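Trainee: Please take one part of this model and go through it closely. I would like a strand and its partners, then the contacts that matter around it.

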Amino acid sequence: MNDTQLSKQPPYDVIISGAGPVGLFLAGELALAQCSVLILEKAADPHSPLKRVPFGIRGLSSPSIEALYRRGLLDQLELHKRMSNPHAQLKEQTPQSRPVGHFAGISLFNDKIDASQWKYRLPGSPPPTLMSEMQEVESILARRAASLGVVILRGLGVTSFQQAADGVTVEAGHQSFHGRWLVGCDGARSVVRKLGHFEFAGTEPEFTGYSTQVDLADPEKLQPGRTLTPKGMYLQSQPGYVLIQDFDGGAFHHADKPITREHVQEVLRRISNTDVTVTALHSATTWTDRARQATTYRDGRVLLAGDAAHIHSPLGGQGLNLGLGDAMNLGWKLAATIHGQAPQGLLDSYFTERHPLGAQVLDWSRAQVAIMHPAPAARALNAIFRDLVNTRDGATYFAGRIWGVHTHYDLGGDHPLVGYSVPDYALDNGVKVGACMRAGNGLLLDFEDDATLKALAAEYGLPYVTGKPADRLGVNAALVRPDGIIAWAADGVPDVSGLRAAADRWCMRR
Ligand SMILES: Cc1cc2nc3c(=O)[nH]c(=O)nc-3n(C[C@H](O)[C@H](O)[C@H](O)COP(=O)(O)OP(=O)(O)OC[C@H]3O[C@@H](n4cnc5c(N)ncnc54)[C@H](O)[C@@H]3O)c2cc1C
């Protein structure tokens with residue numbers, strides 16, 4: 001099919017702007033739910049050195065790992081099996097005392113983290129954190145999307161769109177494409193967000209961050225690992241790969257100037273307070289801690305997800321995870337809307353559930369910047385945080401926040417587990433709950449073989465999963481949404497009318 005034929009296709013259910021990880025994951029979710037999807041991607045080539053280790057390293061956290069696991073994609077992540085620990089400080093460590101993440105550059109050590117405090121995580125669940133790289137994540141998701149029939153056109157950036165009552169016409173590369181819905185997954189500088197006049201509220205940056213690959217004449221002049229200095233921070237993650245934070249108010253990044261060897265040397269010398277010499281600059285990119293969030297994620301038939309909806313500093317590795325969470329939340333809701341099955345308010349719950357989580361991540365990144373600042377008050381606070389992170393409760397709290405193990409939506413309901421991700425129960429018949437959601441479906445979980453619940457599952461066409469877990473975590477039965485979130489749960493005799501109400505509210509009839 002050539003481009004002209006494609007543009008004359010009947011409308012797609014959804015056009016997605018951007019084949020980054022969020023656009024690709026969302027496309028797969030929509031296609032699993034029988035929607036036709038077109039992705040328009042500006043870059044002609046999906047490969048880039050910036051998407052590969054070390055610059056492309058991305059820490060995945062619990063909600064993303066669970067999402068990949070539930071869709072049968074987790075086993076395809078291979079890189080973490082052979083990647084060296086990017087948090088390693090090049091100092092002596094033991095396997096028991098390994099840095100596994102950081103808050104504001106303060107390392108978290110695995111022997112301090114007490115996972116037994118995370119009350120809804122069962123032993124044997126997928127890991128709460130995993131290292132991957134942009135390229136690996138994108139290729140897995142692109143393969144899945146293509147295998148489900150998603151059309152991906154590369155080298156066609158969205159340049160404008162017009163919204164009408166029944167759809168959206170999108171212009172890209174002098175061609176028009178028609179969709180019933182448009183989702184902007186086109187990253188931090190989203191054209192969809194700008195053309196759609198979405199308000200993007202937030203705070204301006206404190207620093208310019210540099211990721212550089214350099215040759216150094218005298219690398220020994222730099223400290224190993226992450227070093228806070230009176231002027232900022234630098235990190236030599238492996239020889240020749242240097243990350244710098246210059247508290248210049250984001251001035252360099254926003255000037256959009258070329259990054260030269262001389263400039264990198266000047267910044268590195270100033271921040272490290274050494275006379276280190278950069279003999280060659282192989283590649284470099286800059287970023288900031290600008291923190292902004294769209295004040296709505298939907299205008300009519302146009303939606304935003306991922307970096308298009310929220311930006312913040314990459315400290316602590318949250319943006320990709322936040323975006324994948326958006327896609328997991330939005331996919332089934334938009335599909336139900338497209339199929340005419342969604343009850344009032346279902347699609348809008350995408351914003352009410354995801355916006356508060358985005359706001360929390362922005363604040364988390366602002367808090368880190370505040371205590372990484374070179375000012376004396378910030379350094380004093382940094383020392384106090386260092387003490388806290390080094391306690392057992394402190395490390396457990398920070399790891400739990402960074403890895404999203406407590407992610408919760410306020411869905412109302414009486415049971416404490418409502419709104420949380422379903423624990424990965426291993427049942428006595430060999431079934432693992434997380435593996436029962438590959439088709440993008442929700443399910444009814446019943447540990448009591450209750451005939452009424454079984455009949456209700458049949459009536460709704462809902463997959464019914466039964467068996468006995470070793471630990472029920474106070475649950476006899478639970479209704480699980482397609483995104484793995486518990487919508488209703490019972491710890492005694494089930495309230496069937498409450499279950500029906502939840503199943504209708506979350507459009508669980510198939
Ligand atoms: C140095 C660094 C380290 C990071 N580390 C982590 C980490 O460890 N963990 C984590 O969770 N996050 C991390 N992040 C953040 C993470 O990379 C982003 O949040 C994530 O890539 C967002 O995905 P996305 O799909 O929303 O946007 P993007 O990855 O930016 O993808 C957007 C896509 O849209 C395309 N596009 C742009 N304009 C158009 C257009 N007009 N039309 C069509 N297509 C268009 C782009 O070419 C791109 O392919 C890090 C970021 C940086 C900079």
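Mentor: Start with Tyr 210, whose bridge partner in β15 is Ile 244. The model is predicted. The hairpin of β14 and β15 has two residues between the strands. There, Gly 240 takes a positive phi near 90°.

Now the cover. Strand β15 spans residues 241-246, and five of its six residues are buried. In a regular strand, side chains alternate between the two faces of the sheet.

Glu 204 and Arg 292 meet through their side chains at 2.4 Å, N to O. Glu 204 sits in the loop between β11 (200-203) and β12, while Arg 292 is in strand β17 (residues 291-294), so the pair ties together parts 88 residues apart in sequence. Glu 204 is partly exposed at 45% relative accessibility. Arg 292 is buried, with a relative accessible area of 16%.

The side chains of Lys 221 and Asp 275 meet at 2.9 Å, N to O. Lys 221 is in the loop between β12 and β13 (225-229), and Asp 275 is in the loop between α7 (261-272) and β16 (278-288), so this pair ties together parts 54 residues apart in sequence. Lys 221 is partly exposed, with a relative accessible area of 34%. Asp 275 is partly exposed too, with 46%.

The structure holds 24 salt bridges. One of them joins the side chains of Lys 432 and Asp 424, at 3.3 Å, N to O. Here Lys 432 is partly exposed at 27% relative accessibility.

Last, the ligand. Its shell counts 26 residues, and the closest are Glu 41, Arg 58, Gly 59, Asp 307 and Leu 320. A polar side-chain atom of Arg 58 lies 2.8 Å from a ligand oxygen. An N or O atom in the side chain of Asp 307 is 2.7 Å from an oxygen atom of the ligand.

Key
Residues are numbered from 1 along each chain as its sequence is written. This is a predicted model: local features need pLDDT of at least 70, side-chain atom pairs count only at pLDDT 80 or more; totals for chains, interfaces and linings use all residues. Side-chain values use heavy atoms; hydrogens and water are left out. A residue is near a molecule or strand if one of its heavy atoms lies within 4 Å of it. A polar contact is a pair of N or O atoms within 3.5 Å; within protein, one must be able to donate a hydrogen and the other to accept it, and residues adjacent in sequence count only if both atoms are side-chain atoms. Buried means under 20% relative accessible area, exposed over 50%, partly exposed in between (1.4 Å probe, protein chains only). Helices (H or I, at least four residues) and strands (E, at least two) are DSSP runs, numbered from the N terminus. Two strands pair if DSSP finds at least two bridges between them. A salt bridge is a side-chain nitrogen of Lys or Arg within 4 Å of a carboxyl oxygen of Asp or Glu.
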